[in-house]
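Visitor: Please show me the structure, and then let us go through it by question and answer.

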Amino acid sequence: MKKNLYAFFFLISFVWALNPVLAQYEWKNLGPDNFGGLVRSLAFDPSGNLLAGIQGGGLWTSSDEGLSWQRVESFDSYSRFNPNITSIAVDGNDIYVATGATRFYKPFAQTGLNRPATYDYREDAGTSKGNLDGLPGAGVFVSRDGGQTWSNENATAQGGTLNYSGPFTDIQKVFVASGKVFIATAEGLYVANDKNLGSVELVNGPDFLRENVVFDIEEAANNTIFVSAHQDGNIETDSLFISTDGGNTFETVLDDAIFGGGGQALGFNRTEIAVSPSDNNIVYVAGTQASGEINGIYRLDMSTNEWTVVGPKGSAEFPPLSNGGRDAFVMSVFPDNPSEMIVAGRSWWTLDEEIGWTSNVTTANPTSERYLPANIYCVLFDPNDSQKFFVGTSSRVMRSTDRGNSFQSRHKGLESTVTYSVSAVGSTVNDRQEADNSIVTTQTDAVITGTLTNGVLFNKFYNANTPARQGFGQVYTVNKGRIAMSSLRPGGVIAQGTDGGLMRSLDFGATFERFYGAAISPQVTNLFVATGDSTNLFIDRSSASVEGGGLFNNPTPAQSVWALDEYLPAELMDREDLTADSLDKYAPSYIFFCSQEYVWLVNGAFESNLGKWNRLTASLVDGFDEYFTAMAVSGDENHNVFVATNKGKIWRLEGAHDLTTFDAIESITRIDNTPQSNLLALAGRTITDMAIDPLNPSRLVLTYGGYGGNPGSNTLVMITDSANNEAPTFGSIILRNNPDNFQREVTHTAEFGIRLVESNGVVTEESELFIGTEAHAYVLRGLDPEYVNLGGFEAPFYTQESDLSESNHWEELVLEEGTSAAAGVPVYDIFVRNLVSTVNTGVDELDGNDQILFDRDQTVYIATHGRGIWSTAALNETFRKGSDNEEIVEEEQLINLYPNPSEGIFSVSVVLDEVADVDLMMYGVDGRMVWSQRQTLKAGDHKLSVDAGNLSTGVYLMNVIIKGDEINQIKTLKAVITR
């Protein structure tokens, strides 16, 4: 989530080291790779290695049964713009990988009552990141040589991901049978008789099968093929289809046993099919109710042509899908027993005819040997061992070697997490110890991210000398949320709750509490005049006069829009007597928040007592088909707020932080609907993000999403230098070096940073604009109107012509060698860390209040779809000034840990030249201390035993701190506990 924390920076030469700033950005990948992405498909390649297809994360391989994973580089290098894998099929030496996953998840910005569960991204201009958990694909990728080389130059290619058209942007399954390749799409079932997919056509069968979404296809005995199809919003015409001639023709299955009277509708919202590997005459069919729970499980014995019921409708006693079957639904038959099967979704159930249906799996306790993360998407049996199988889940690959009685996580290196938002903080705490008057220095370099399926992940030590990508821990379970960390008050974290509201933490995410519910006090001027409602005093409650409870958004967008607004005046930057009390007085923290219809303010966000929530506006949107999608705060003493919607509307709230002067009528202006705005061509299109220049509070940038219509006809980034005027004038931005592609790309995020420019010995500041698109990340350097007319917009484009100076140009961000723009995946959030802090606790006498010092910092963080978090490495160390009170020295050769990995019993070797205190402190990846000990040791070699056998399996960080008269050392070690 954007955090508006800006200060006017003084031009002093020692602010930053100029060389790293002026050079091209250098990047490093922060991970996480201890949390995987959504595993849609598993297969064995022709060499027997595991393949995993990740929705958003690309294609991965493992040669050691999932102990470690690597990207399939041959696929990755060819298909950089197609990471959304839904299905894998292997036939001999041929491998088929299908892309496009927009029909699985319900949109998490579900709006309006009784709307269909999916959006048509090709027609609905409002569709964007806020509506799709998957991405449009680019057809089927084919390897004919076992995965060495790949191509999608076939009949399924639709011009690449950015074309957003045709049936092969949304493939549910690719399947090889009877010498043919079948492709199940959202627009019917296609077949290719040519394994190179040179020609692909709709199957010969009923129109329903040729026109609607096809979820599953399986082959049974005698070249018999079963297919399930479904029509969105219509459960009365669901159908099961069968081909008895190897897929040449299909007809509708009609049977009283499952259709209850010879009708044609299963009444299912999604249908799955499973065939017994040991007896291909046994076929299972199951579907979901409207709720997403199972709607009965049926078995066909083709040898007798008899259907029988083997599973009832879902209930409290039998919930195999836990109402998640619209997205997560898998059936699989054990390879050695046609009567033993698995049905899973958000939970896991097995059928054994001797004991019936049972469930011995937990999705809630990660420490249990029977743990499976929810959701569950696919099961792959080992062809050489019927006791062993692999499971694809929402966050990792799991393995069982005992028929599902226990599971082991197999996700190391599976770096494919979809990260929607990112924030970071850097702080140093110097704490004087009462016992010996010494000073203990603790440095925190933390990054936090909101993800698609792994909740909120936090890494408190990403810059330590440990594998940073393994250092993430889950601190909050809500998915798809926006997050922010406080730079002025380290430890303060804001995240979204289950109902779209806010939760806060004051201890780096160790605990969260609900962060709204207090009555409005005081009222802003003219609020009731603007609203015509004198009773609604609480935040969107079901009852206008009742405090507490959740947000009364029905339905509520899961991603409510909000901003943490922290403004540090320039005169406070270099004050050495700055304390927490004076911060609260001169630099308070505000949160501006959009509920379903209103904009709110809360102050005292990190105070011990929860602040008051104040409604600032009447209803700005209809709360039905229109909702807020973006917000920005000016970052100066005016605290002007801009809010925007999925319909392209924009309002400016002037001085929104001051409840004594803010007027619910006079202080609110709509700025998108005037002819001079130049925004009318984009009316109805989602505004995905907004950014304000920290050096110019009147410079506002808008980014637009929306797959519908023709993105190429409009540039999707707009800019104005008159945002605070009565009627701002906007101009377009296109890429200097690649305008055609940029115009076609959905654009997700924008953020400003500041760089220092030296000319003739004079250092000046310039803004630079970061843009994250559907397939790239860019920075535009040099936004000075001297070079481009940002006022009248007679020439409203940043162009590729030579009229721009060399300092005024776009640069595509290269995040890894040979790879641009996070490997071609969407960039959903960009965060610039403006400040880092040093807190001196008890170091100086300040009336018992801690001294706070701030340093300027411009580290950039990028959140991607399936490529994790990236940050600029060049600036990460500039703030590490430490403390004048003591120096921390790291001696690599003096401290070692062994053996590693271990079962919790290991040793730490220490070599000392003098008597010293040695502290051992073990932390979980979420930053919480789980074990510690202190010893005073003589000079010499020492072996310190550590018994952490009671800890759960996983990755831990061990801090070893040595303090003596001459020695002052610290080292962070990584310990992996296995079982």
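Guide: A pocket is an open set of grid points with protein on both sides within 12 Å along at least five of seven lines, and its lining residues have an atom within 4 Å of a point. The model discussed here is predicted.

Visitor: Which residues lie nearest the centre of the second largest pocket?
Guide: The second largest pocket has a volume of about 1400 Å³, and 43 residues line it. Strands S3, S10, S14 and S26 are among the elements that give two or more residues to this lining. The residues nearest the centre are Lys173, Phe175, Glu218, Val379 and Leu380.

Visitor: How many residues in the lining of the second largest pocket are nonpolar?
Guide: The lining of this pocket also holds seven polar and 10 charged residues. The nonpolar residues number 26.

Visitor: Is Thr224 buried or exposed?
Guide: Thr224 is placed in the loop between S14 and strand S15. Beyond four places in sequence, Thr224 touches Glu218, Glu219, Ile242, Ser243 and Met302. Its relative accessible area is 5%, and the limit for burial is under 20%. Thr224 is therefore buried.

Visitor: What is the relative accessibility of Met341?
Guide: Met341 belongs to strand S23. Leaving aside neighbours within four places in sequence, its contacts include Tyr284, Phe334, Trp349 and Trp357. Met341 counts as buried, because its relative accessibility is 0%.

Visitor: How many residues apart in sequence are the parts that Glu65 and Lys388 tie together?
Guide: Glu65 forms a salt bridge with Lys388, with the closest N and O atoms 2.7 Å apart. Glu65 lies in the loop between strand S5 and strand S6, whereas Lys388 lies in strand S27, so the separation of the parts joined is 323 residues.

Visitor: Which residues are linked with Glu65 in a network of salt bridges?
Guide: Glu65 is partly exposed, with a relative accessible area of 28%, whereas Lys388 counts as buried at 12%. The network links Glu65 with Asp382, Lys388 and Arg399.

Visitor: Where does Arg833 lie?
Guide: The side chains of Asp445 and Arg833 meet in a salt bridge, at 2.7 Å from N to O. Both Asp445 and Arg833 are buried. The pair links distant parts of the chain, 388 residues apart, with Asp445 in strand S31 and Arg833 in strand S56.

Visitor: How many salt bridges does the count come to?
Guide: Side chains of opposite charge can pair when their charged atoms come close. A further pair is Arg144 with Asp94, where the closest N and O atoms are 2.7 Å apart. With the cut-off of 4 Å between nitrogen and carboxyl oxygen, the count of salt bridges comes to 23.

Notes. Residues are numbered from 1 along each chain as its sequence is written. This is a predicted model: local features need pLDDT of at least 70, side-chain atom pairs count only at pLDDT 80 or more; totals for chains, interfaces and linings use all residues. Side-chain values use heavy atoms; hydrogens and water are left out. Helices (H or I, at least four residues) and strands (E, at least two) are DSSP runs, numbered from the N terminus. Buried means under 20% relative accessible area, exposed over 50%, partly exposed in between (1.4 Å probe, protein chains only). Contact means heavy atoms within 4.5 Å. On a 1 Å grid over the protein atoms alone, a cavity is a set of points where a 1.4 Å probe fits but cannot get out, and a pocket is an open set with protein on both sides within 12 Å along at least five of seven lines; lining residues have an atom within 4 Å of a point. Grid points are joined across faces, edges and corners, and a volume is the space filled by probe spheres set on the points. Ala, Val, Leu, Ile, Met, Phe, Trp, Tyr, Cys and Pro count as nonpolar, Asp, Glu, Lys and Arg as charged, and the others, Gly among them, as polar.
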